[in-house]
Amino acid sequence: MKNILNKPELFLTVAALFLYLINLGNVALRDWDEGYYATVGRDMYWSNNWLYPSYLGEPFLLKPPLLFWLINISYHFGGVNDLTSRLPASLLSGLAVPLIYCLAREILPQKRMALWSAIVYLTLLPLVRHDRLAMLDGITNTFLIFSLFTLVKGKQKKPWLFGVGLGLGMIALTKGALVLLFILILLVFLIWDRQLKILLNPYFIAGIIIGFAPACIWYILQYLHYGQTFIDVHFASQVVDRVTKNFEGHQQPIWYYFLELVKYSVPWLLFLPGSILYAKDSLDKSWAKLGLIGFVLYLSMVSLMQSKLPWYIIPLYPFISLLVGAYLETFARNSPKKATKVISLLLYLLSFLTIVGLIYLLIKGLQIYLIILAIVLSIAFGFAAKKLKDNPVQSIVLLAGGMYLGLTLLMFSSSWLWELKEAFPVKPVAQLILNNTPAKEIIYSSFAYNRPSLDYYSQHKVEVQEISVLKKIVESDTISYLLVTPSVLKELNLYKGSELGIAEGFILWKTK
């Protein structure tokens, strides 16, 4: 622990980048966002059109362009592949780990509290999994933490306030209107902490102007180019509809994100109730105000949204890490008997459940990495539970070490992106399309939903249609290409055309 404390920023940077970059390209891109963003980045790379993103040649109006620019640059240096698609987002997301240490070091009273905060952030499963992907949320966290760091640093050294606007401006260029929620969190914090005068500081104002200038210019250019269509798609569809409507079938109950925390935030979830109570008793401190405001306000807002997706919770974790990190040091020095007993029992339970999981893995004969992972976590949880009463610091170190080693083993396996198993392997089907259909030809499919990853790998737009629509396409006089299962092919009763190939249970059929 003492060696780590000597150069924590370097240690955390190396540890984070190792975990975030290993085997980054060993699995296919995921639906939905990865497929979309990689395709847009590749379009930009091929067309060299940086200002007006496109998706297979059609205008892409859903998101601002920062990630697409970064993917484009990555393709220029490393070619078009899965690794270079994910590399920019993964690198930037990994930098959030040392940044949250810097933030916590400024706002928390003890150095070890800051280190615990960074270690918690580093070893949270949802962050490692999602932040490795070609998605926006990990990047957003990095810019958010940077803004918070420069804000609290700027209390004493005013020039640092320039960075607040830079970070927020980059969020606006990454996720658009979401920046308004983060601005609200910052404003509430400044009001509660009696620091509103910061808003009038010249460095702060200059940072806001310069930081938001790129996003403002880009938005103006899009409106001048696309007109009302851009407003309708980018704001009405992507922002208003997601907040007020069941957008694309993603409606979930209000407690959805509480369940996400329970499922994926162990073992640090066990310390979260105590962390919230500890912060509640420390409301005279800036860290407690910031942590509680961010936690309560962000969780409330995303829970009230009608449309919910698992990765919407990602910006909550910096605030959780700050709260838990502050509490862990206090817990280690003065462990409450009741809390220690409860947490110890829960850790024993986790150890037992991990053994059950190990038995399942052995029966199924799954990858050796997952089997070792289950053994490591079971031992870590068990020994941490045993040590918690007599040596809580050692217990927390065991948990952190066990989680880091477990996450490393998971990333070495091909199961870290388990959502890929929800549908057919995309690459063989994409190769079938790529090898047998003309460029820019639309492929009509009978699959249950559109798969942007299939669009990406096949370099064709694959549109899902009802059987009735497919029948009309077949009956038309034009040549069309169908990607259908044998049963659908039989139902279409095709008497003209030819089979171009089969992959993963799908037949590629040319109608004329």
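1. Let me start with F331: in this predicted model, the residue is buried, with a relative accessible area of 0%.

2. The aromatic side chains deserve a look. The count comes to 27 aromatic pairs. For Y327 and F331, the ring centres are 5.8 Å apart and the planes lie at 50 degrees, so this pair is tilted. Y327 and F331 also belong to one aromatic cluster, together with W268, F271, Y278 and W287.

3. Next, please turn to helix α9 (residues 137-153). Its 17 residues reach 24 Å from the first C-alpha to the last, close to the 24 Å expected at 1.5 Å a residue. Of these 17 residues, 16 are buried, so α9 is largely enclosed by the rest of the structure.

4. Leaving aside residues up to four places away in sequence, S74 touches G79, T84, L87 and P88.

5. Finally, the surface. V342, L346, L349, F352, L353 and V356 make a nonpolar patch of about 520 Å². One of these, L346, is found in helix α18 (residues 337-364). Why is L346 called partly exposed? Its relative accessibility is 35%, and partly exposed covers the range between buried, under 20%, and exposed, over 50%.

Terms used: Residues numbered from 1 in each chain as written. Predicted model: local features only at pLDDT ≥ 70, side-chain atom pairs only at ≥ 80, totals over all residues. Heavy atoms only, no water. Patch = residues over 30% accessible without salt bridge, like charges linked within 9 Å, V, L, I, M, F, W, Y side chains within 5 Å. Areas by Shrake-Rupley, 256 points an atom, 1.4 Å probe, with all protein chains shown as cover. Salt bridge = Lys/Arg side-chain N within 4 Å of Asp/Glu carboxyl O. Helix = DSSP H or I, 4+ residues; strand = E, 2+ residues; numbered from the N terminus. Buried < 20%, exposed > 50% of the residue type's maximum accessible area, 1.4 Å probe, protein only. Contact = heavy atoms within 4.5 Å. Expected span 1.5 Å × (residues − 1). Phe/Tyr/Trp six-rings, centres within 6.5 Å; stacked < 30°, edge-to-face > 60°.
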